[in-house]
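Please read the following explanation with the structure open beside you, so that each part can be located as it is mentioned.

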Amino acid sequence: MKTRRKLKIGSVMAILSILLVLAGCGAKQDSTNEKSSNKQKVAVKHELGTTKVPENPKRIVVLELSFVDALHGLGIKPVGIADDNKKDMIEQLVNGKMKYTSVGTRQQPNLEVISSLKPDLIIADVQRHKAIYKDLQQIAPTIELNSRESTYEENIDAFKTIATATGKDKKAEERLNKHEETIAKLKKEVKEENGQTILPAVVRDTSFQAHTSASYDGGFLEKLGFKDAVQSKDAYAEMNLEQLSDINPDILILANNEGKLLTDEWKSNPLWKNLKAVKNHKVFVVDRNLWTRFRGVVSSEAIGKDTVKLLHDQQK
Amino acid sequence: MNIKKQRTSRYIIGFIGVFLLIAGIFIHVSVGSSSISITDVIRALFHPDNSKQTTIIQTLRLPRAVLAALIGASLAVAGALMQAITRNSLASPQVFGVNAGASLAIVVATILFPELHSKTTVYFSFLGSALGGITVYLFAAGGKVTHIKLALAGMAVHLFLSSLTQGVIVLNEDATDVLYWLVGSINGKNWSHVLVLLPWSVFGLLAAFIMGRSISILVLGENMATGLGEKVQWIRLVAGVIVIILAGSSVAVAGPIGFIGLMVPHIARKLVGGDYQRILPFSALLGGILLVYADILSRFIAYPFESPVGIVTALIGAPFFLYLARKGRKIKQ
């Protein structure tokens, strides 16, 4: 009986001492935050308010892929990325190797890892990370921007905001001018297809999700002179074969998921065989990362080049 | 005289039911993103040609309508059997964790083996639904458990299994694709799915109908049933297996469509009395009707785009569940 009580006291002491050590760690973190606050600050307006960001932030953590693209376009390397633990996806995005720390998935980023990186700026997605805005703010100045389900225009706005936050306004202007030039060039190359209806879609095991005129890739394709076959205010629309055959787009762009695909079942159906895009051999399977996940100034140019290549190769 | 009257009224109810089901299937087949008139529907069904309308109806809309009727019937009969063997009016595949178990098993299976055909996922579904059902049943088997407590235990198991499913989805970014399926949907299904489901549901439904008499006796009470020479444990076991087959195969094809198994047996009991020889076939008929019409409604939620039918059944079913829970309390007082 006595030994058991001793054990109890011992365990209580152990827990208390652990708590003390933890509290000590917490205190240490607070002091680093204070240090960084001595620097000059820039007020950045974003989707959830205005955040004061230290001038020329050096340690940036990003929680969506489009922000990686934006920083890449501005020549900045983030220290942490929510990369869904897929390093090769990031390598594909920045077209080469890059040193960074993974902070987990975009949906559930690991706050502990983020704070261990001691960032001076966090860029988060207003849709996915709205609920953890306050938590992120406690770690470092955070700006929340449009990424997921954002339109092409919103994405450009986010790019500009990131440029302001990182003190690269001039570089951003240059980059966007170059972007416009690239688009104009690409548009000329697909002159023949101007005005044709196009439907980008993500295909999975049980769903066919059309990307409408309000989606990022749909909006960008319209910039190139195509017309998205589904005009809508919502970015995505679930569809079945019947609706697809009603819409009957000239060009069909499929970003396939891994594994089984719904379209495999459709292929044996006469309705599929009678689609304009199928008859004219204008069904293209594209890389899902590039087309629907990256969403940024740099990768949209790659999407444009991909489109031109697909259409021209097919014509040969 | 009275018995005769009851019998004729049952025939009338049955006749109206069959008529409603057939009418429902016709409406179901004529509703969709491309407008097709009833006359065209009839032509496509009985004088098929090579037109686009015929193809749409024969390869897309008809299998979906058939699937709705089959799944509705399966889930309703599964619910009726569960209410009988647990002698609990709140029992149904959803409330007692059978659907949630099947969902968990299927989500795990699709993540581990993405290439799996739905013919095989059915077996995972059986395993999962058995897991969920047996867990809850063990609570019930202890005896002396009140109806509400058993329903609470069932909901607890349901929520636990659902949270595991959600956890699996959160940890696998690619698995978010399953979310749509998780609400319960028969959008985009074709004959191959009907073929996956058909053998299981026909077998399960027939077996349930054959057991109707034994089930009725079981409901009278364990002692009475034993006295009448019924092997109570065996009936329970066989009925349980039928529930797993019916609910498991439905979930494997269409996801966990809720509330059908809860509502329909009550309506059937109201219409044809307490004999399970009648309740079971009538539940099958009414379940088919309910899901066919619910699936028609589901198309108008976000027209012309599709919404999962599970939303509609939940909209109708949740108030019904609350009504039953209230009624149960009143009787006790």
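Between α9 (241-247) and β12 (251-256) of chain A runs a loop, and N248(A) lies in that loop. In this predicted model, the phi of N248(A) is near 40 degrees, a positive value in a residue other than glycine. With 17 other C-beta atoms within 10 Å, N248(A) is partly exposed. A positive phi is also found at N85(A), where the angle is about 60 degrees although N85(A) is not a glycine. N85(A) belongs to the loop between β4 (80-81) and α3 (87-94) of chain A, and it counts as exposed because it has 11 C-beta neighbours inside 10 Å, where 12 or fewer are required. Another loop of chain A, between β2 (49-54) and β3 (60-62), holds K58(A), which counts as exposed with 12 C-beta neighbours inside 10 Å. The C-alpha atom of K58(A) is separated by 21 Å from that of V298(A), a residue 240 places away along the chain.

Of the 316 residues of chain A, 40% count as buried, and among the contacts in chain A with a separation of 6 or more, 61% are between residues 24 or more positions apart.

How are two of the helices of chain A, α6 (residues 152-165) and α7 (residues 169-189), packed against each other? Their axes are 8 Å apart and form an angle of about 150 degrees, which means that α6(A) is roughly antiparallel to α7(A), since angles over 145 degrees are counted in that way. On the side of α6(A), the residues that meet the other helix are F159(A), K160(A), A163(A) and T164(A), while α7(A) contributes D169(A), K171(A) and A172(A). Sorted by class, this contact has three nonpolar, one polar and three charged residues.

Turning to chain B, helix α1 (residues 2-30) has 29 residues, which at 1.5 Å a residue should span 42 Å, and the distance of 42 Å between its end C-alpha atoms agrees with this. The buried residues of α1(B) are L21(B), G24(B), I25(B), H28(B) and V29(B), and what covers them includes α2 (38-46), α3 and α13 (276-301) of chain B. Helix α13(B) is itself largely enclosed by the rest of the structure, because 20 of its 26 residues are buried.

In soluble globular proteins, nonpolar side chains tend to be buried together. The largest nonpolar core here has 126 residues, and those with the most contacts inside it are A69(B), I71(B), V77(B), L81(B), V243(B) and V292(B). The largest share of this core, 21 residues, comes from α3(B). Leaving aside neighbours within four places in sequence, V292(B) is in contact with L21(B), G24(B), I25(B) and H28(B), and also with A65(B), A68(B), A69(B) and G72(B). A second, separate core has 38 residues, including V61(A), I122(A), I143(A) and A158(A).

Finally, the two chains meet where 24 residues of chain B are in contact with 25 residues of chain A. On the side of chain B that touches chain A, α3 (52-86) and α7 (178-182) of chain B each supply at least two residues, and the largest share, five residues, comes from α3(B). By class, this side of chain B has eight nonpolar, ten polar and six charged residues.

Technical notes: Residues numbered from 1 in each chain as written. Chains lettered and ligands numbered in written order. Predicted model: local features only at pLDDT ≥ 70, side-chain atom pairs only at ≥ 80, totals over all residues. Contact = placed C-beta atoms within 7 Å. Helix = DSSP H or I, 4+ residues; strand = E, 2+ residues; numbered from the N terminus. Nonpolar A, V, L, I, M, F, W, Y, C, P; charged D, E, K, R; others polar. Expected span 1.5 Å × (residues − 1). Core = buried A, V, L, I, M, F, W, Y, C linked by C-beta atoms within 7 Å. Axes fitted to C-alpha atoms, helices over the stretch in contact; angles between N-to-C directions. Parallel < 35°, antiparallel > 145°, perpendicular 65-115°, else oblique.
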